[in-house]
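Work through the exercises below with the sequence and the model side by side, and try each task before reading its solution.

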Amino acid sequence: MNDRIILDNVSRFYGEVLGVNRVTLSVPPGITSLVGPNGSGKTTLMNLITGLVRPTRGSIQILGISPSDPEKLFRVCAYATQFDSFPRGMTGFQFVYSYLRLSGMSHDDCQRTTAFAIGRVNLGEAAHRKIAGYSKGMRQRIKLAQAIAHDPRVLVLDEPLNGLDPLVRAETIALFREFAAEGRHVIVSSHILHEVDTISDQVILLSNGYVVAEGKIHGVREEMSEHPMQVIIRCTRANVLASRVFEQDNVVEVRLHADGGGLLVKTRDADRFYRALNHLALDGVGIESVAPADDNVNSLYEYLIGGEESTR
Amino acid sequence: MMGRWLSQIGLVIRLEMRKTFFSRRGIWVYLLALAPVLIFLGHSLSEINNRKERQALNAAHPVSTAALRSIERGSTIEEVVEKVGEPFAKNGFRRRDFIVDIYEYTDGENVFGFGFRNNRLENINERDRDTIAKDSLVFAGVFQFFFLRLAIFFGCVGVFTNLFRGEMLDKSLHFYLLTPIRREILTIGKYLAGLIATVVIFCTSTFLQLAALSLHFTGSEISEYLTGPGWGHVASYLGVTAAACLGYGSIFLIAGLLFKNPIIPAATVLVWEGMNNFLPAALKKVSVIFYLQSLSPVVAPPDANMPPLQKLLLTAAEPVAPVWAVLGLLTLTVVVVAIAARKARKLEINYSTD
């Protein structure tokens with residue numbers, strides 16, 4: 001079976017309003033982050049993938065299954081939406097159990113699986129309390145428990161880390177990694193860019209309904225030739241290294257750090273620069289660290305989408 | 001495959017039951033169902049009380065029915081009193097050229113009023129106590145005019161439009177749509193859940209109404225009625241109630257999928273059902289009330305003082321045979337639920353605009 005999520009020239013309009021336009025993607029397993037400002041089309045894309053909305057144009061296949069076939073799709077796929085609402089009067093356990101039963105599991109299996117899923121999100125003690133009395137973080141976790149309960153191969157999560165405290169956030173990210181390591185899809189949308197940077201295998205950057213970049217973060221960054229790569233070097237005799245570095249034809253800018261203990265280099269060809277750096281540093285320059293300064297989602301966001309949202 | 005679908009329908013029904021029976025939003029449905037029960041209960045309690053009073057008055061002023069019925073017009077007050085004794089109540093008034101006296105007697109069951117003008121008996125007014133035959137006509141009127149057309153109608157508006165629309169308002173419908181269940185199966189499950197809830201609520205109401213109405217009759221009167229047409233009437237009324245839930249339920253299920261505000265389709269259907277008698281024969285069949293009127297066991301006679309329009313609304317138009325009425329209603333329901341299932345298949349979640 002096809003292990004990819006494929007969107008072929010997908011567009012979705014809400015009347016005159018554009019949701020997403022001409023999106024063509026082939027998403028491999030792993031953690032994929034959808035990044036973009038409000039209204040960029042992240043939720044629409046997730047809703048399209050899970051069949052909650054239908055494309056105006058184009059076609060979608062999730063592991064070879066059409067989203068218009070929920071009977072097949074939701075045996076392999078789960079979606080935790082951004083809606084912070086639940087059926088009235090249910091406890092966390094009843095909530096997970098009830099919808100899990102619809103997948104055809106027996107009562108006993110369902111009880112066991114529900115308890116296991118709730119345990120995985122560390123909500124065991126509150127399982128038999130009414131959801132109405134849960135905190136925001138607990139509600140996020142029970143949604144996650146409901147999504148993972150039937151062991152899906154594709155997990156779609158809209159802003160799953162919202163409202164979680166740092167400890168739970170770390171546990172949740174570990175859970176995503178566990179899922180991804182098993183060859184599953186974890187598609188998350190997030191505004192918190194440094195987190196996206198930490199957890200994602202690949203990113204899809206959206207702006208105004210268009211996909212502006214997709215792929216592995218490093219790969220996307222390398223393709224952006226109009227924005228020179230930035231490299232931070234901490235070293236001794238930074239001024240000497242700066243003069244040598246500036247002789248390289250791929251280097252467009254060098255800035256000495258105020259403390260004199262390092263420099264920021266902007267280069268059009270990072271690979272060539274890194275190779276050259278080995279030779280440049282031989283003669284009396286002690287290099288403590290070399291690190292890319294803008295090889296992350298935050299920079300991609302800033303370069304491709306721009307605006308104040310990149311700082312969030 | 002069919003086994004799984006049936007099991008999923010059962011699970012949807014179970015999930016929906018809790019919401020339908022115990023939601024705060026549905027309290028007024030219970031009130032609608034309870035209202036006629038209270039009316040009939042009040043009527044029966046008042047009748048029981050009246051009978052007790054009449055029996056007490058008869059004990060204080062004993063007189064037989066035969067003696068009271070033997071009084072003839074033209075008799076004087078003295079002749080009447082000599083024949084049947086003193087009345088339990090005397091009323092009267094005086095005008096310039098005549099005096100009116102009203103003497104009231106009771107045999108313990110019925111009340112007789114004798115109206116004298118200038119000491120001559122002119123009017124005899126016998127107020128018979130209620131009989132089952134009389135009350136069954138009253139019940140037929142209340143059932144067809146209030147219960148079917150208003151209570152069940154608006155009860156179904158409340159229950160069935162909420163099956164989808166209520167969850168859209170609560171923003172919780174997507175949980176269903178994200179499970180491995182066909183939307184058609186979900187629609188059928190939700191419809192059956194609504195149907196079970198309304199049938200239980202309104203059939204219980206119908207039964208309680210009949211029970212409340214029969215409270216003031218004696219055991220022998222009731223058993224005589226039941227051995228006659230009684231059980232047939234009870235079964236028919238319960239059947240018509242269930243049929244009303246079936247038909248109106250399907251219409252308001254699809255209304256909940258198509259309209260954001262249930263008042264608009266409810267008003268439209270109410271008008272359509274109301275003007276059923278004015279419609280051509282072919283269009284009459286595209287309504288629920290047409291079949292329900294054909295199935296009702298007792299035809300409610302229009303009251304002489306009823307306005308002509310109301311009289312027309314109550315009169316059944318060319319009723320069809322019960323078997324055709326049931327088939328017609330089932331066909332209408334199946335077609336409407338099928339359209340609703342098709343609509344649900346294309347349903348999208350966009351709570352912000354719903």
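Two exercises follow, each with a solution in steps.

This is a predicted model, in which local features need pLDDT of at least 70, side-chain atom pairs count only at pLDDT 80 or more, and totals for chains, interfaces and linings use all residues. Residues are numbered from 1 along each chain as its sequence is written, and chains are lettered from A and ligands numbered from 1 in the order in which they are written.

**Exercise 1.** Describe how helix 5 of chain B packs against helix 8 of chain B.

Solution. Begin by finding helix 5 (residues 132–170) and helix 8 (residues 219–258) of chain B, whose axes come within 8 Å and cross at roughly 25°; helices here are DSSP runs of H or I with at least four residues, and strands are runs of E with at least two, numbered from the N terminus. Next, classify the angle: under 35 degrees counts as roughly parallel, and helix 5 and helix 8 of chain B are therefore roughly parallel to each other. Finally, sort the residues of this contact, which divide into 19 nonpolar, seven polar and two charged (Ala, Val, Leu, Ile, Met, Phe, Trp, Tyr, Cys and Pro count as nonpolar, Asp, Glu, Lys and Arg as charged, and the others, Gly among them, as polar).

**Exercise 2.** Work out which element gives the largest share of the side of chain A that touches chain B.

Solution. Start with the contact, which takes 24 residues from chain A and 23 residues from chain B, where two residues are in contact if their C-beta atoms, placed from the backbone, lie within 7 Å. On the chain A side, helix 2 (70–76), strand 5 (77–80) and helix 3 (92–101) each supply at least two residues. The largest share, four residues, comes from helix 2 of chain A.

Definitions and conventions: Axes fitted to C-alpha atoms, helices over the stretch in contact; angles between N-to-C directions. Parallel < 35°, antiparallel > 145°, perpendicular 65-115°, else oblique.
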